[in-house]
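User: Please take me through the strands, the helices and the contact between the chains in the structure shown below.

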There are 2 protein chains.
Amino acid sequence: MPRIKGVLETPVYVDDMAKAKAFYADILGLEMMVESQRICAYDVAPGQVLIAFLRGVCDQDSLVNGDVVPGHRMDGIGHFAFRIESEDLQAWRLYLQEHEIALDSEVCWPGGGQSLYFRDPFGNVVELGTAGVWPNDRS
Amino acid sequence: MPRIKGVLETPVYVDDMAKAKAFYADILGLEMMVESQRICAYDVAPGQVLIAFLRGVCDQDSLVNGDVVPGHRMDGIGHFAFRIESEDLQAWRLYLQEHEIALDSEVCWPGGGQSLYFRDPFGNVVELGTAGVWPNDRS
C-alpha cells in the first residue's frame with residue numbers, strides 16, 4: 001500500500017484574522033506564507049503548515065481553477081502543539097510573560113519531555129513541547 | 001526570541017476510538033504509538049504526531065504526575081492534511097477505492113501540487129497532498 005509521509009497541514013479555527021496574525025506571526029514568530037480572505041498559512045517548518053481558518057468563511061466549499069476544496073468548520077476549544085528545543089524552555093517562559101501570555105500549566109512527561117500550555121486569543125490550547133514528549137521524538 | 005521548530009501534534013476529534021483506529025491505523029496505515037481511554041496517538045513521521053481525541057472524555061482537564069493537562073473539545077467538521085509522494089497519487093486513488101472510501105474531490109494547485117480529499121468516519125475532511133501544494137514544500 002502507499003504510505004503517508006508526514007503531516008502537511010494543521011488547522012486552527014479563528015474568529016478574527018488580524019488578531020490571529022498578531023498572535024501567531026507577531027508574538028509566536030511564525031512566518032506568514034499565504035494570506036487570503038479565507039485563510040492564513042504559516043510556514044512552521046519545511047513541509048509543515050499551520051493554517052488559520054476563518055470561521056463563517058471556510059464553512060463553504062471553494063473553487064481553485066474549477067476544482068472543489070471542501071468546506072469545514074469546527075467550534076469549541078481546539079488544541080495542537082509546536083515543537084521547541086529543551087534549552088529554550090526558560091527563554092519561552094520569560095518571552096511569554098513579557099508578552100502578557102499567562103501559562104495555563106506546565107507538564108513534565110514520563111518520557112522526559114516538557115510542555116508549556118497557554119491560550120491563543122480564541123481560547124485554543126496551544127502547547128510548546130520539547131523532545132521526549134513523544135516516543136517518536138527523542139532527539 | 002526563542003523559535004518554534006515544527007508542528008509536534010495535530011488533532012482529530014473522534015466519537016468512537018475503535019472506528020478511528022479502523023480508519024487511521026488499518027486503512028491509512030498509521031502506526032499507533034500511545035493508546036489510552038482519552039487519546040490515540042499515531043506516529044506519522046519522526047516528531048509528527050496525529051492525536052485522535054475522544055469527544056466527551058478529553059473535554060476535562062487531566063493530570064500527569066500531578067501536572068494539569070488542559071482539556072479541550074471541538075465539534076463540527078475538522079480538516080488536516082497528510083503529505084504523500086506525487087508518484088503515489090494513482091496508487092492512493094486505487095487503494096482508497098478498494099477500501100470503499102469515496103473521494104470528495106481532487107485539486108490541482110497553482111504551485112503544481114495535487115490534493116485528494118475524502119472523509120474519515122466522523123465526517124472530517126482528510127487531505128492527501130503532494131509537494132507543491134505549499135511554497136515551503138517543493139522537494
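User: How many bridges join strand 10 of chain B to strand 11 of chain B?

Analyst: This is a predicted model, in which local features need pLDDT of at least 70, side-chain atom pairs count only at pLDDT 80 or more, and totals for chains, interfaces and linings use all residues. Residues are numbered from 1 along each chain as its sequence is written, while chains are lettered from A and ligands numbered from 1 in the order in which they are written. Strands (E, at least two residues) and helices (H or I, at least four) are DSSP runs numbered from the N terminus, and two strands pair if DSSP finds at least two bridges between them. Strand 10 (residues 114-119) and strand 11 (residues 125-129) of chain B run antiparallel, and the number of bridges joining them is five.

User: Which residue is the bridge partner of B:Tyr117 in strand 11 of chain B?

Analyst: B:Tyr117 has its bridge partner in strand 11 of chain B. That partner is B:Glu127.

User: In which sense do strand 1 of chain A and strand 8 of chain B pair?

Analyst: Strand 1 (residues 6-14) of chain A and strand 8 (residues 79-83) of chain B are linked over three bridges. Within this pairing, A:Glu9 stands opposite B:Ala81. The sense of the pairing is antiparallel.

User: By what turn can chain B be laid on chain A?

Analyst: Copies are superposed by least squares on the C-alpha atoms of residues with pLDDT of at least 70 in both. The RMSD is 0.0 Å and the shift along the axis 0.0 Å, with a turn of 180°. That is the relation of a two-fold axis.

User: How many residues of chain B are in contact with chain A, and which strand gives the largest share?

Analyst: Two residues are in contact if their C-beta atoms, placed from the backbone, lie within 7 Å. By that criterion, 63 residues of chain B meet 63 residues of chain A. The largest share of this side of chain B, six residues, comes from strand 1 of chain B.

User: Why do the copies meet through the same surface?

Analyst: The comparison concerns the interface residues of chain B and those in chain A. The copies meet through the same surface because the proportion of chain B interface residues that are also interface residues in chain A is 100%.

User: What is the pattern of chain A along the sequence?

Analyst: The secondary structure of chain A comes to two helices and eleven strands. Read along the sequence, the pattern is β-α-β-β-β-β-β-β-β-α-β-β-β.
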